[in-house]
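Subject: The structure we talked about

Hi there,

Here is the structure I promised to pass on to you. Have a look at it first, and then read on for what turned up.

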Amino acid sequence: MANILIVDDDREVGNFLRYFFKEKGFEVHMAYSGQDFRRLFGQQAYHLALIDVKLPDTSGLDILKDLSAHMPSCKTIVMTGYSTVKVAVDAIKLGANDFIEKPFDDLDDLERTIDHLLANKATAAETDIQGLAKECGIVTEKSDAMARLLTLAYKIAPKNINVLIQGETGTGKELLAHFIHRASQRNGQPFIGINCGALTETLLESELFGHEKGAFTGAAKERRGVFEIAGKGTLFLDEIGEASISTQVKLLRVLETGEYMRVGGEAVQKTNTRIVSATHVDLAEAVTNRAFREDLLYRLDVVKLVIPPLRERREDIRLIAEHLLEKAGVAVQLNEAAATLLEQYEWPGNVRELSNVIKRAISIMDEGSGVITPKHLPKKILSGKSLLIEKVKPKEESFEEFLKQWTEDMLEIWNNEGKVEMEMVLNKVKVLEREIGRAFVMKVLKETVGDRQEAAGRLNISMRKLRYLLNEKGQPSIK
Ligand SMILES: Nc1ncnc2c1ncn2[C@@H]1O[C@H](COP(=O)(O)OP(=O)(O)OP(=O)(O)O)[C@@H](O)[C@H]1O
């Protein structure tokens, strides 16, 4: 028979749990304070402990630490109220097996969690995490930091809380958002991604909330927004830090009340969409600079997941490079020298940059040799120097300014008699190509009042290409 320890100062909750577990045939021990816990702790071994995070004389986290240190075989579940959810996340980081929110409105779920833990299925969960990560295209088998991150993401995924993902560009924020969606009960519902930095304020609001017919000039027909389309699924708000203050206010309202209105509409719409947002900047800093609302940040980052940059998990580089080769469908290998160089480079553009380097190497490789060697790698990698990705992002209205600046910079390099960094020149050309594509799409989207289908038609490109040009990386996937 399993021994259960319940640590909670709320006697009503304690009695309820005692009854619940006794009914299931377990031996139940109650502690109403840290002092009670210490008295009971040495008396016998426990199989499972449910710990409230807030106790009158101690913190549930200290109790958790004691249990993990002195009784590692005891499974632990932390109990929280809404205001203490952030602490629960710390508890998971400290090794708690799970957390549950009070009041318990889904007893079947509680029962399942407990049965799962008592049946010692922890290792099965680890296999599930790795398997799901693989399915979502996340390669990482060697990095402890990523393993911890994925475990935390997996554990919080089924909970009804918003998640903020922070990470440098190209670290895999969208992949992680998708992983969270897949690991949640929302899995059968849509997963929709939207890049808040790629659209003007009006277009972003219309995209998010939809608009009514005649809401603004050119809004010829009504349109559903992504909150409506995502329904009970997950909405991935990429580059949330780029949303204007006015849009932030509207998002805050949705998060606080679950309600919003279409642009130009009066009827209140309800939503139950889960929000996973992402940022490459530190939003706490943006709050200090008054570029981001503190109350919105508080709502968005109930859980903050920080993806480490690739240079902080060098042990994954070779593995990811091999995965990218496999994905490219070519029978090509990295030789040892090339792999070592990849491992030593700083990767300011992270996995996306690694992917570009691998694609380039495949394209210039000697036909039939089947091996990538250092000579197929860009100079920046050979010299161990990282060429920082340019962050020039022209706003549509300053497009001419951007073009002028770009031309001046290029002429300066051209007229410079010293050594020329050709990689830098080519990178500048890529920036130009990307920004021209984006500027044209934005211009036409303005003319079509956000109607993407029509904009794609006018530009004679596919919807996929249009999303790509907006840096939304292809079709939003509906799972
Ligand atoms: N761990 C990984 N294993 C394999 N591929 C990865 C991994 N992380 C990222 N990628 C790949 O790198 C590219 C960038 O990933 P993703 O778009 O998720 O990054 P991001 O952080 O959202 O980028 P951005 O900040 O530019 O929006 C994608 O092609 C993705 O498939």
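By class, how many nonpolar, polar and charged residues does the shell around the ligand have? Sorted that way, there are ten polar residues, five nonpolar ones and five charged ones. Please keep in mind that this is a predicted model.

**Around the ligand**

The ligand has 20 residues around it, and those that come nearest are Val139, Gly172, Lys173, Glu174 and Val351. Three helices each supply at least two residues of the shell: α8 (173-183), α14 (317-327) and α16 (350-364).

**Domains and their contact**

The protein chain is divided into four parts: domain 1 (3-120), domain 2 (129-306), domain 3 (310-382) and domain 4 (396-469). Taken over C-alpha atoms, the centres of domain 2 and domain 3 are 32 Å apart. Where these two meet, twelve residues of domain 2 are in contact with 13 residues of domain 3. The side of domain 2 that touches domain 3 has six polar, three nonpolar and three charged residues.

As for annotation, an unreviewed UniProt entry lists residues 139-363 as "domain: Sigma-54 factor interaction". In the model, that span is 44% helix and 16% strand, and its end C-alpha atoms lie 23 Å apart.

**The chain as a whole**

The protein chain has 21 helices and 16 strands, and its C-alpha atoms fill a box of roughly 80 × 65 × 40 Å along the principal axes. Of its 479 residues, 32% are buried. Among contacts with a separation of 6 or more, 68% are between residues 24 or more positions apart.

In soluble globular proteins, nonpolar side chains tend to be buried together. Here the largest nonpolar core has 93 residues, and Val7, Val78, Ala153, Ile165, Ile180 and Leu354 have the most contacts inside it. Helix α7 (residues 144-156) gives the largest share of this core, with six residues. There is also a second, separate core of seven residues, including Val441, Ala456, Leu466 and Leu469.

What does Val7 touch, leaving aside residues up to four places away in sequence? Its partners are Ala31, Phe37, Ala49, Ile51, Asp52, Leu55 and Ile63.

Best wishes

Technical notes. Residues numbered from 1 in each chain as written. Predicted model: local features only at pLDDT ≥ 70, side-chain atom pairs only at ≥ 80, totals over all residues. Near = placed C-beta within 6 Å. Helix = DSSP H or I, 4+ residues; strand = E, 2+ residues; numbered from the N terminus. Nonpolar A, V, L, I, M, F, W, Y, C, P; charged D, E, K, R; others polar. UniProt positions renumbered as here; feature names shortened; annotations may be inferred. Domains from an automatic or database assignment. Contact = placed C-beta atoms within 7 Å. Buried ≥ 20, exposed ≤ 12 C-beta atoms within 10 Å, placed from the backbone. Core = buried A, V, L, I, M, F, W, Y, C linked by C-beta atoms within 7 Å.
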